[in-house]
Amino acid sequence: MFTTFAMQKENTTIMKKKHLLFTMLLALATAVTACGSSDDEEEVQDEEVIVEPVIEQTPGKIILTENQMLMADANNQFALNLMRQTSKDIAGNMVISPLSVAYMLGMLNDGANGTTRQEIIRTLCFDGCETKAVNEFFGNLMINAPLIDKQVELGIANLLLSNKAIGAEFSGQFAANMKGYYQAGVECLDFSQSEEAACRINNWCNNTTKGMIPEILTRDEISPSDAAILLNSVYFKAKWVYGFDGLFTTNQDFVTADKKKVKVPMMAQVAVFDYLADETVQTVSLPFRDGNFCMTFLMPTDERMSIDKLLGALTVDYWRQLTANMQPQNIILQIPRFAISTEQDMTRPLMAMGVKAAFSSSDADFSGMMKGSTIPLFVNMMKQKARIEVDEKGAMASAITVSSVTTGMPGTEFTANRPFLFVITERNSNIILFIGKVTGAETTGSSEIH
């Protein structure tokens with residue numbers, strides 16, 4: 001008698017088998033593309049000379065070259081551009097770390113070539129800069145920014161994971177640059193074990209952000225076809241020079257962007273702060289502890305001006321002018337106590353800013369990132385989680401930016417779970433020896449599907 005298909009297995013078991021099958025096929029494809037010599041002929045290649053760069057420590061200050069001072073302005077321009085793009089469709093509260101995204105692009109840039117690299121450099125506003133200059137700039141910040149102020153906790157961390165399930169391995173010089181310039185941990189994980197991989201990633205996020213961002217990826221967001229996952233973390237915590245007394249915090253009206261009034265806990269104090277007001281903006285700067293870091297608040301002078309319009313007016317030159325011209329004044333200060341958490345896809349805003357090839361399976365060129373394989377790679381996901389808390393004692397902020405670099409192989413599935421034909425042929429002549437069909441319907445004679 002003809003038996004029916006056994007369809008009672010759990011979905012999770014089916015998915016695991018699919019992932020395992022796909023991983024095996026992808027590993028085979030990687031191995032095939034990596035083979036370039038025959039049994040009779042061996043290629044003799046020069047051994048790669050790998051140099052791990054070293055960044056000089058300058059405790060107490062960041063020493064920038066003349067070119068790096070220009071790059072610092074350019075990085076601020078990137079920050080403003082990114083804020084404008086990410087805030088377009090968000091009417092409510094939000095926070096991002098442009099520095100975290102910049103570090104991610106810097107690491108991707110080191111493994112990129114051609115148009116992919118040119119678009120990343122242009123979007124970072126580092127026009128004309130070579131990869132080494134970009135790496136040295138970020139390396140300088142990486143090493144020395146956390147050493148500026150002992151009263152401030154600043155941590156910048158990077159982690160790069162390659163997928164050993166498909167034989168993916170970072171190239172020697174790329175890995176050395178990541179360790180030297182970006183102080184990155186470089187590890188190899190089995191992405192087909194998605195739960196274990198997610199656990200490793202999220203534990204790292206939780207540790208580097210001191211619990212502010214405990215998770216960035218779920219197991220379902222880790223694909224066995226991903227070649228690599230890159231992560232950046234930025235953590236900041238500091239106390240005000242002039243703290244707010246909680247006794248003076250009261251609930252007061254706050255007029256929202258849509259002109260509604262809501263009650264918020266408003267902190268208050270009177271002290272001397274750097275201040276400036278012109279026809280466009282009112283701005284005040286609150287220093288943290290030793291004065292090496294500060295938090296600046298900007299509000300449109302004209303109450304009718306929107307924050308988006310203020311953002312449009314805030315060029316990097318105007319920002320430099322504002323911070324240079326602020327003067328100490330006795331200020332009756334009131335700011336709300338607040339906490340904001342934001343999760344954002346960074347793919348769309350970065351594409352709008354000019355990073356297009358990197359996200360294209362057909363156009364991306366990350367040939368400098370991985371060792372051996374000729375399978376094309378592209379960035380198929382980049383997102384950021386950020387959180388900030390501001391209260392009477394100070395401010396605490398953290399961000400995680402993650403991107404996955406996956407293969408250009410689409411991973412098309414063929415699952416024979418509906419009627420199909422089968423054909424047996426002789427390969428040389430292509431003569432059909434047997435042909436038949438499987439429909440699952442009752443049939444004459446004897447047939448079984450086991």
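How many of the 14 residues of strand 10 are buried? The count is 11, so strand 10 is largely enclosed by the rest of the structure; buried here means under 20% relative accessible area with a 1.4 Å probe, protein chains only.

Some notes to go with the model:

1. Ground rules. This is a predicted model, in which local features need pLDDT of at least 70 and side-chain atom pairs count only at pLDDT 80 or more, while totals for chains, interfaces and linings use all residues. Residues are numbered from 1 along each chain as its sequence is written, and side-chain values use heavy atoms, with hydrogens and water left out.

2. Strands are DSSP runs of E with at least two residues, and helices are runs of H or I with at least four, numbered from the N terminus; two strands pair if DSSP finds at least two bridges between them.

3. Both sides of strand 10. Strand 10 (residues 377-390) runs antiparallel to strand 11 (residues 394-407), and 13 bridges join them. The two form a hairpin with 3 residues between them. Met-382 has Ser-403 of strand 11 as its bridge partner, and Glu-389 stands opposite Met-396 in strand 11. Towards strand 9 there are 8 bridges, again antiparallel; there, Ala-339 has Glu-389 as its bridge partner.

4. The cores. A nonpolar core is a set of buried Ala, Val, Leu, Ile, Met, Phe, Trp, Tyr and Cys residues joined through side-chain atoms within 4.5 Å. The largest has 56 residues, and Phe-78, Leu-105 and Phe-126 are among those with the most contacts inside it. Helix 3 (residues 98-110) gives the most to this core, with 7 residues. A second, separate core of 28 residues includes Ile-148, Phe-293, Ile-331 and Leu-333. Beyond four places away in sequence, Phe-126 touches residues including Met-71, Val-134 and Phe-138, where contact means heavy atoms within 4.5 Å.

5. One to look at: Glu-119. Glu-119 sits in helix 4 (residues 114-123). Glu-119 is buried yet has no salt bridge, and the nearest side chain of opposite charge, Arg-122, is 5.4 Å away. A salt bridge needs a side-chain nitrogen of Lys or Arg within 4 Å of a carboxyl oxygen of Asp or Glu. Not counting residues up to four places away in sequence, Glu-119 touches Gly-354, Val-355, Lys-356, Ala-357 and Ala-358.

How values were computed: Buried < 20%, exposed > 50% of the residue type's maximum accessible area, 1.4 Å probe, protein only. Lys, Arg positive; Asp, Glu negative; His and termini not counted.
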